[in-house]
Amino acid sequence: MDQTTVSRRLIGVTFTAEQKANVVVWAPRANQVAITVNGDTHTLPLTSDDTGYWTVTTDQLKPGDLYSFVIDGEKEYADPASLAQPQGVYGPSQAFDTRTFYWEESCWVNPPLDEYILYELDTYTFTPEGTFKAVVNKLGYLKSLGINAIVIRPVTPFPDSRNWSSDGVFLYAVQASYGGPAQLQQLINACHVKGIAVIMDLAYNQLDGHGNSFSDCRTYPSRRQSHQHPSKPTHANEAQQEAGRRYLVENALMWFRDFHVDALRLNAAHTLPESERLLKEIRQQTNTLSASTGRHHYLLIENGVNLTSAVEADEPASQPMQVLGHEGYSTYCVEHELSRHLTKTYREDYIYDEPFSTVLRDLFDRQTEPVSGSPFVLFSQPHERMPTAGDCSGQPISLDLLKLMAGSIMVSPYIPTLFMGEEWGVTNPFDLAQPESSETGTDSHPALPWDMLDQQPNKMLFDYYQTLTALRRQQPALHHLNPREIDVIQHKEQQTMLLHRWHGASDIICLLNFSAEPQSITIPVLNKTWCKLLDSADPRWSGPAASPDDLSDAETLTLQPESIVVYKAQ
């Protein structure tokens with residue numbers, strides 16, 4: 001088989017300009033491989049190239065056709081690189097031509113990574129319909145919130161009728177109930193027209209139960225073994241490891257090239273075999289693709305403890321891969337721990353050229369301190385579950401604390417992430433994907449409670465988030481992510497913090513009180529006068545009392561409990 005090329009996909013089923021299908025599958029232990037189309041008893045044989053790949057070029061397979069591979073004349077298997085599984089993971093694959101979609105986003109430019117304001121959503125529960133088309137109808141809402149990038153949680157097929165299984169098998173396919181690959185292209189196109197970048201969440205670590213990246217066609221569901229789990233691959237040899245790398249590199253390139261995805265977030269990539277080599281190859285191939293298309297793409301690498309590192313895919317390919325990391329923070333024990341964790345988060349930043357898995361193991365193996373932040377991507381809630389408690393005792397999070405958490409994220413020197421619904425106070429949004437049984441015994445489709453947005457204090461909280469996102473966009477000191485343009489003063493006893501950020505002529509100070517009691521804080525001597533931009537304790541935001549509109553050097557003011565105040569230098 002030819003080496004990976006950025007111009008087209010070389011595994012699975014692709015189509016030529018003459019509408020002939022190129023079929024390529026990895027099945028090194030097979031003696032015979034054939035393809036059956038639309039359930040026809042007649043099979044079309046594939047030819048081995050002596051490297052483990054089997055190929056055929058044919059006009060007997062068209063876009064929309066259902067097909068399966070027949071191994072050694074016995075069992076039928078789905079295509080490991082299938083783009084669509086309309087009858088589920090145990091059914092046949094469906095041929096799809098990615099080239100036929102007409103893209104209307106010619107003016108789209110992927111913004112710099114540090115300008116992202118992320119919104120993470122789950123297609124199944126974001127809307128009552130649970131489809132990509134329904135997400136398109138919410139893009140105006142997201143723009144009004146101030147979002148310019150969305151993270152779409154894994155869209156690959158799942159073995160149940162609900163999206164509550166993380167076992168991803170078909171990394172190239174798009175869940176049929178969401179709208180399949182065609183609707184995904186339409187969603188991404190609509191996002192770009194609206195000025196919103198799209199990040200795909202990929203669970204490479206979920207390919208099989210052993211963490212192996214790939215074996216061969218026979219590790220995928222057999223149609224004649226319906227409702228059974230895929231067989232586990234044997235120990236991978238060097239050829240299988242090479243095929244696995246190619247499978248994942250081709251997958252990353254497909255999302256960038258054929259679906260115009262702006263960034264990929266690779267979950268727990270450090271657990272994959274030869275992960276450093278794999279990530280370097282993905283980045284180098286993506287750089288080549290960017291040079292060819294003129295589009296910039298990013299890779300976000302997330303490990304198993306919700307700490308995300310960023311690898312900019314538009315770096316020169318000759319440069320060593322850099323992985324950036326820092327110690328994040330947790331919001332489970334807010335009053336006692338959040339201030340200390342945030343101080344370390346704001347102040348510390350590390351850049352490493354060493355293999356990232358070693359760095360992560362050495363720096364982030366903290367059994368006693370949960371981690372949920374990142375150097376580039378920072379969020380106030382754990383990735384898989386938003387807390388329903390503001391401290392370790394399990395008490396509900398107060399409205400004041402919600403505003404403080406949101407403010408601390410938006411003024412941080414890292415990319416902020418909102419989870420769907422948090423902007424109006426929804427907790428545990430991703431637990432909605434768990435099945436709910438109705439009185440009739442049938443499962444209902446869970447979705448975000450959008451009607452809450454019309455109630456108070458939810459509507460006020462949404463307006464507050466709008467103000468925060470606008471503040472971050474408008475102030476250069478907040479949206480330029482330079483760790484050398486920041487200073488932090490912490491008072492542990494009072495549980496207060498003063499965050500000073502600057503860029504050029506833009507100067508911002510943020511005063512944060514994590515205590516449940518009012519606390520005094522003194523402005524340092526910076527030879528400036530300050531005017532207030534935001535105050536979470538203002539009665540406008542259902543707070544107890546507003547701080548002064550203007551401040552000067554060495555002035556002392558009293559911060560309201562669990563509040564944040566932001567000032568700008570005049």
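## Exercises on a predicted model

**Exercise 1.** Find the residues of helix H4 that are buried.

*Solution.* Start with the buried set in H4: Gly180, Pro181, Leu184, Gln185, Leu187, Ile188, Asn189, Ala190, Cys191 and His192. Keep in mind that this model is predicted. Next, see what these buried residues pack against: helix H2 (132-136), helix H3 (139-145), strand E11 (149-152), strand E12 (197-202) and H5. Then check the helix itself: H4 covers residues 180-194, 15 residues in total, and spans 21 Å between its first and last C-alpha, close to the 21 Å expected at 1.5 Å a residue. Finally, step past the end of H4, where you meet glycine 195 with a positive phi, near 85 degrees.

**Exercise 2.** Work out which members of the largest nonpolar core touch the most other members.

*Solution.* The core holds 95 residues, and the answer is Tyr119, Ile150, Leu184, Trp255 and Leu264. Helix H5 (residues 238-259) gives this core its largest share, ten residues. Now zoom in on tryptophan 255: leaving out residues up to four places away in sequence, its contacts include Leu184, Met200, Leu202 and Leu264. A second, separate core has 20 residues, among them Ala30, Val56, Phe69 and Ile71.

**Exercise 3.** Decide whether glutamine 490 counts as buried, partly exposed or exposed.

*Solution.* First locate glutamine 490 in strand E22 (residues 486-491). Buried means under 20% relative accessible area, and exposed means over 50%. Glutamine 490 has 21% relative accessibility, so it counts as partly exposed. To finish, look along the chain to leucine 512, 22 residues apart from glutamine 490: their C-alpha atoms are separated by 9.5 Å.

How values were computed
Residues are numbered from 1 along each chain as its sequence is written. This is a predicted model: local features need pLDDT of at least 70, side-chain atom pairs count only at pLDDT 80 or more; totals for chains, interfaces and linings use all residues. Side-chain values use heavy atoms; hydrogens and water are left out. A nonpolar core is a set of buried Ala, Val, Leu, Ile, Met, Phe, Trp, Tyr and Cys residues joined through side-chain atoms within 4.5 Å. Buried means under 20% relative accessible area, exposed over 50%, partly exposed in between (1.4 Å probe, protein chains only). Helices (H or I, at least four residues) and strands (E, at least two) are DSSP runs, numbered from the N terminus. Contact means heavy atoms within 4.5 Å. The expected span of a helix is 1.5 Å times one less than its number of residues.
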